[in-house]
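User: I have a chain to go through with you. Can we take it in short questions and answers?

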Amino acid sequence: MPAPDARSSDARTAGRPPDDVPGSSSGSRTMHGVPPRRSSTAPTYLGIDLGATKIEVVVTGADLTPLSRARAATPARGGPPAVITAIEAAVAEALATAPHGRLVAAGIGVPGHVDRATGAVARSPNIRGWTASYPLQAELETRLGVPVAVDNDVRTALLGEHRLGAAAPYHDVLAVWFGTGVGGALLLDGMIRRGRLDACGEIGHACATPGGRRCACGRRGCLEAYAGRSSMERRARERVDKGDKTTLFTLMRKAARTRLTSGVIARALDQGDLLANELINDAVRAAGPVIASAVNILDVDAVVIGGGLGTRLGQPFSRRIHRAMQPHLLHDGRASVTVLSAGLGDLSGALGGVVLASERAPG
Ligand SMILES: [Zn+2]
């Protein structure tokens, strides 16, 4: 058995991401109030959420209870090799502060198209420099020495929310993830759906306004063109160039950021910034009819709202989206679909990675 004081290092670091990366704010000693536990032989799982701006890593026990975590900034240069190195460092940090269990498997969610047969990631538009196929699964298995399951980031997060989070009571769930872009995923009868082209759930490119704003995908009027953080930043810069006043970029510089992060947008909203308010109003206005239409088609039990921006803006954002959906829902009022905020917060993706690992692990 470990010495009783062996938890002291966990007490300093478990549940507390480094302060110098985007979105770091938690000062809590443990995750979700669960104290770290030690076991020298118990199996442990590793979950990784690779995002456009940050990498989130969590280590759990066999019961999928978080034991430790680490966070790192996603490298802005160097493409997949730099990303792998950053993942490896964050994993080492998380394992160093976790009880000494036996790591049996890892799972990772990636914002891109994943070849599930090989675990290669074809391209990842939101990660700079990831422009060609990269054998992520093979590379991570070599570095970590355990089987690694790779899947799309929003599907992984939805799996986490369904097995461990807010979506647990529901069979049929649509996830809408507001982050750098707008991602989506669909779970029916408890199973993630993939579709003929592996494109099931891409709600970010559903049309909110025919002929509307240009989207990063090249089309016009997509939900992402109104509700993705990159698009919001582009529009904010255009407005500033035209002479509009906003605290958004002052807050960004104060936070030593080069992008309008979710935290910066949330702070500007709190301060009553008119432009930030307008951007979020536009996002909600675009999201209402698009998500309501998806619900009318799919008849799901619940919609779960998450992602960096969705998590940061929390339940008030989900409630506003639900209200914006109402006029477009075929079954409104008491029969209306449930709209939830992601219950695992920033850890939906990483804990989804743990679920992937545990469900695909041999034996
Ligand atoms: Zn689009």
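Analyst: One term comes first: two residues are in contact if their C-beta atoms, placed from the backbone, lie within 7 Å. This is a predicted model.

User: Which residues of α10 does α9 meet?
Analyst: On the α9 side, the residues are Val284, Arg285, Ala287, Gly288, Ile291 and Ala292. This contact of α9 with α10 divides into seven nonpolar, one polar and two charged residues. The partners in α10 are Arg320, Ile321, Ala324 and Met325.

User: Are α9 and α10 oblique or parallel to each other?
Analyst: Their axes come within 7 Å and cross at roughly 60°. The crossing is right-handed. Angles under 35 degrees count as roughly parallel, and 65 to 115 as roughly perpendicular. The two helices are therefore oblique.

User: At roughly what angle do the axes of α8 and α10 cross?
Analyst: Helix α8 covers residues 262-270, and helix α10 covers 307-325. Their crossing is right-handed. The axes come within 9 Å and cross at roughly 35°.

User: How do the residues of the contact of α8 with α10 divide?
Analyst: From α8 come Ser262, Gly263, Ile265 and Ala266. From α10 come Gly308, Leu309, Arg312 and Leu313. The division is four nonpolar, three polar and one charged.

User: What is the order of the strands in the open sheet?
Analyst: The sheet has five strands, with mixed pairing. The order is β10-β9-β8-β11-β12.

User: Which strand does β8 join in the parallel sense?
Analyst: β8 pairs with β9 over six bridges, in the antiparallel sense. A hairpin of three residues joins β8 to β9, and Leu174 stands opposite Leu186 in β9. Trp177 stands opposite Gly306 in β11. Five bridges make the parallel pairing, and the partner is β11.

User: How many residues of β8 are buried?
Analyst: Both faces of the strand are covered. One side has Val173, Ala175 and Trp177, and the other has Leu174, Val176 and Phe178. β8 is largely enclosed by the rest of the structure, because the buried count is six of six.

User: Which helix lies across β8, β9 and β11?
Analyst: β8 spans 173-178 and β11 spans 302-306. The helix runs at about 160° to β8. It covers residues 274-298 and is α9.

User: Which residue stands opposite Leu187?
Analyst: Strand β9 covers residues 182-188. Two bridges join β9 to β10, and the strands run antiparallel. The residue opposite Leu187 is in β10 and is Ile192.

User: Is Gly201 buried or exposed?
Analyst: Gly201 is in the loop between β10 and α5 (224-227). A residue is buried if 20 or more other C-beta atoms lie within 10 Å of its own. Gly201 has 24, so it is buried.

User: How far apart in space are Gly201 and Ala185, C-alpha to C-alpha?
Analyst: Gly201 touches Val154, Gly184, Ala185 and Leu186, not counting residues up to four places away in sequence. Gly201 and Ala185 are 16 residues apart in sequence. In space, C-alpha to C-alpha, the distance is 4.3 Å.

User: What share of the residues in the chain is buried?
Analyst: The chain comes to eleven helices and twelve strands. Among contacts between residues at least 6 apart in sequence, 64% join residues at least 24 apart. Of the 363 residues, the buried share is 50%.

Key:
Residues numbered from 1 in each chain as written. Predicted model: local features only at pLDDT ≥ 70, side-chain atom pairs only at ≥ 80, totals over all residues. Pairing = 2+ DSSP bridges. Helix = DSSP H or I, 4+ residues; strand = E, 2+ residues; numbered from the N terminus. Axes fitted to C-alpha atoms, helices over the stretch in contact; angles between N-to-C directions. Buried ≥ 20, exposed ≤ 12 C-beta atoms within 10 Å, placed from the backbone. Left-handed = near helix turned anticlockwise from the far one by under 90°. Nonpolar A, V, L, I, M, F, W, Y, C, P; charged D, E, K, R; others polar. Parallel < 35°, antiparallel > 145°, perpendicular 65-115°, else oblique.
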